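Here are my notes on this entry. They go from the whole chain down to one residue.

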Amino acid sequence: MSLDSFLSKAVSSWMNDEGPAGDIVLTSRVRLARNLQDTPFPTVFSEEKGQIVLSRIEQLVQKTSNSHVPLEFLELEKLQPIEKNVLVEKHLISPHLVEESRKGGCLLSEDESVSIMINEEDHLRIQCLVPGLQLNVALNMANQIDDWLESHLEYAYDEQLGYLTSCPTNVGTGLRASVMMHLPALVLTQQMNRMIPSINQLGLVVRGIYGEGSEAQGNIFQISNQTTLGKSEEDIISDLTSVVQQMIAQERVAREALVQRSGIQLEDRVFRSYGVLTQARVMESKEAAQKLSDLRLGIDLGYIKHINRTILNELMILTQPYFLQQFAGKPLKPTERDFRRASLIRERLQMEKQES
């Protein structure tokens, strides 16, 4: 399979689109946690109960038309390990669903903007993913899907507490909103480590690209809310948006300061990284993430003009271990993945050069 053919099937819509504040914000995501009434939660249920929930959701999708977006049902037990982990790398399902869930499944829209995990920590986790800073758009999408599901299912709900969930931190609205940001200048100026404690004090949390427990490779961070109880959905979105907008402003100021104080050194860093990306024959994932971050910064600052900056969105996913194995059509050893990662990056950048 050619890379061009593979990309046409592998790239989600958000990877090639650029939303508001797209120079810094890659994606906005909203997730709603929901459980079914009178059914044990996934953390304690049996496989038999899990299968009942899975079958019930599958039948609902087959029999009931969702007017907002068509959804395809996927049963995880019927997918190959590489296929399941590719869904994780594309942010469509969680590692927990793959590694620990019993009778897990997923409902997925064709453009992959909507993903509903079945039998993760909760019976249903409705996720909507959009490019740029568009939390309200993602929330509206999620609420439409939620209303459709709730019209056919009875949720576990308490008049005082709100939606009941497996994890106490999700009780209430069940809403987790997050924004994925590229913040190289705040990292290079050593401001990011000082900002994280302040962000945490506001009831938000800063994580790596794949959420809890993941490392912030390539200067990409996820900012999300920690509290769902005692706040409305609108307040959660408003508070997160306000903090993100402040971080956008500070990242832009830090970029200007870098250009003024060390412009030639910064330009040299960008073009060295670009040279490595276009010529390297072997590349580990951490190095690739850092070099791609430098390239994206160089594009944003106007040093490199013939490459679309959304290429970072695309390549940070396509160079992940399981995606490389999906492209190869077989399992790969770490050294083989490093070779194919370098090859894919070179070929993808060459495609950009030809199209410019």
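1. A definition first, for the charge count: Lys and Arg are taken as positive, Asp and Glu as negative, while His and the chain ends are left out. On that basis the protein chain carries 36 positive and 47 negative charges. Their mean positions lie 7 Å apart. Keep in mind that this is a predicted model.

2. Overall fold. The protein chain holds 13 helices and 10 strands. Its C-alpha trace spans about 65 × 45 × 35 Å along the principal axes. The radius of gyration is 21 Å, which agrees with the value near 21 Å for a compact globule of 356 residues.

3. Packing. Of the 356 residues, 55% count as buried. Take contacts between residues at least 6 apart in sequence: 72% of these join residues at least 24 apart.

4. Surface. The protein chain exposes about 16,100 Å². Carbon and sulfur atoms supply 46% of that area.

5. Where is Thr165 found? It sits in the loop between strand 7 (162-163) and strand 8 (175-182). Is Thr165 buried or exposed? Its relative accessible area is 8% and the cut-off for buried is under 20%, so Thr165 counts as buried.

6. Polar contacts of Thr165. A polar atom of its side chain lies 2.7 Å from the backbone oxygen of Cys167. The Thr165 side chain also reaches the backbone nitrogen of Val171, at 3.2 Å.

7. Neighbours of Thr165. Leaving aside residues up to four places away in sequence, Thr165 touches Ala33, Asn35, Phe41, Asp122, Asn170 and Val171.

How values were computed:
Residues numbered from 1 in each chain as written. Predicted model: local features only at pLDDT ≥ 70, side-chain atom pairs only at ≥ 80, totals over all residues. Heavy atoms only, no water. Helix = DSSP H or I, 4+ residues; strand = E, 2+ residues; numbered from the N terminus. Rg over C-alpha atoms; globule rule 2.2 N^0.38 Å. Buried < 20%, exposed > 50% of the residue type's maximum accessible area, 1.4 Å probe, protein only. Contact = heavy atoms within 4.5 Å. Areas by Shrake-Rupley, 256 points an atom, 1.4 Å probe, with all protein chains shown as cover. Charge placed at Lys NZ, Arg CZ, Asp CG, Glu CD. Polar contact = N/O pair within 3.5 Å; in protein donor to acceptor, adjacent residues only side chain to side chain.
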